[in-house]
Amino acid sequence: MKSIVITICIILGGCSTMTFVNGPKLDETVVREQWHHLMFMGLIELSEPMDVEYNCGSQQWDSITIERTFINGLANSLVWYINIYSPWSITYECRDSIDS
């Protein structure tokens with residue numbers, strides 16, 4: 001019975017992804033990744049919102065992908081019956097400005 005409950009929780013707790021693209025996608029970008037930390041089902045943010053202008057410096061942002069990966073799910077499942085900690089991975093790409 002316990003294994004059935006754990007299997008159902010794993011299946012229903014799947015991964016998700018959101019991607020935002022700024023203009024045409026370019027090949028030459030700088031890729032960076034960070035975690036965004038949330039608590040209590042995403043109601044309380046532990047980390048500051050990502051500041052794209054600060055993180056990319058003098059470059060433009062090319063794309064931002066926010067996803068809950070398998071590793072994020074493992075960190076989330078430390079206490080699986082109460083969603084206390086809920087991290088997300090943020091991958092962002094910076095490029096040289098295409099605006100002239």
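Five strands form an open sheet in the order β1-β4-β5-β2-β3, with antiparallel pairing. Strands β1 (16-21) and β3 (44-45) stand at the edges with a single partner strand each, so one side of each has no neighbour in the sheet. The model is predicted: local features need pLDDT of at least 70, side-chain atom pairs count only at pLDDT 80 or more, and totals for chains, interfaces and linings use all residues. Residues are numbered from 1 along each chain as its sequence is written, and side-chain values use heavy atoms, without hydrogens and water.

**Strands and pairing**
- Strands are DSSP runs (E, at least two residues), as are helices (H or I, at least four), numbered from the N terminus.
- Two strands pair if DSSP finds at least two bridges between them.
- Strand β2 (residues 30-39) pairs with β5 over 10 antiparallel bridges.
- Arg32 has Tyr92 of β5 as its bridge partner.

**Glu93**
- Glu93 lies in strand β5 (residues 85-95).
- Its relative accessibility is 16%, so Glu93 counts as buried (under 20% relative accessible area; exposed is over 50%, partly exposed in between; 1.4 Å probe, protein chains only).
- Beyond residues up to four places away in sequence, Glu93 touches several residues, including Lys25, Val31, Cys56 and Trp61 (contact means heavy atoms within 4.5 Å).

**Leu46**
- Leu46 sits in the loop between β3 and α2 (52-56).
- Leu46 has 49% relative accessibility, so this residue counts as partly exposed.
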